[in-house]
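The sequence and structure are shown first.

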Amino acid sequence: MGGKHPISIFTDQDAAIAAGIEQVFPSSRHRLCLWHLSKNANSRFGLLKSDKNFKNAFYKCLSGCITPNDFEETWKSMINTFKLEKDYWFNRLYGLKEKWCTSLSKDFFFCRYTFFTKK
């Protein structure tokens, strides 16, 4: 790429890849792929897999919130409603929100892509 770093790099949640990107491409923006998040989340849902309200709230958090405030309110409501306050995976995901939440990344352009559907 002529010595230029990519503007954005989309990956799954692999910590080793994240560390490598930070070291090799320090000026690139590392983002988490929504398709991978959706796929990984499905394995974490447990009994919530069949709860349409939960899935709608989760997918709204992924890519349906317009503003950061909308995201925060939707996330907090989902976590409280479905008693996920102590869930390690959801707490970790929230800690990485700047890497995946579309309402928190409006300062740069990337084409929207959707690999999952609500069912």
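## Cover over helix H5

In this predicted model, the buried residues of H5 are covered by elements that include helix H2 (34-44), helix H3 (52-63) and helix H4 (68-81).

Helix H5 spans residues 88-95, and its buried residues include Trp-89, Phe-90 and Leu-93. These lie on the same side of H5, because the arc they cover around the axis is only 95°. In general, an α-helix has 3.6 residues a turn, so residues three or four places apart point the same way.

Tyr-88 and Gly-95 are exposed and sit on the face of H5 that is turned away from its buried side.

At the start of the helix, the backbone nitrogen of Trp-89 has a side-chain oxygen of Asp-87 within 3.0 Å.

## Phe-90

Phe-90, a residue of helix H5, counts as buried because its relative accessibility is 1%, and the cut-off for buried is under 20%.

Apart from neighbours within four places in sequence, Phe-90 is in contact with Phe-45, Phe-54, Phe-58, Trp-75, Met-78, Ile-79 and Leu-84.

## Annotated region

UniProt, in an unreviewed entry, lists residues 2-40 as "domain: MULE transposase". Over residues 2-40 the model is 44% helix and 21% strand, with 35 Å between the end C-alpha atoms.

How values were computed: Residues numbered from 1 in each chain as written. Predicted model: local features only at pLDDT ≥ 70, side-chain atom pairs only at ≥ 80, totals over all residues. Heavy atoms only, no water. Buried < 20%, exposed > 50% of the residue type's maximum accessible area, 1.4 Å probe, protein only. Helix = DSSP H or I, 4+ residues; strand = E, 2+ residues; numbered from the N terminus. Arc of directions from axis to C-beta. Contact = heavy atoms within 4.5 Å. Polar contact = N/O pair within 3.5 Å; in protein donor to acceptor, adjacent residues only side chain to side chain. UniProt positions renumbered as here; feature names shortened; annotations may be inferred.
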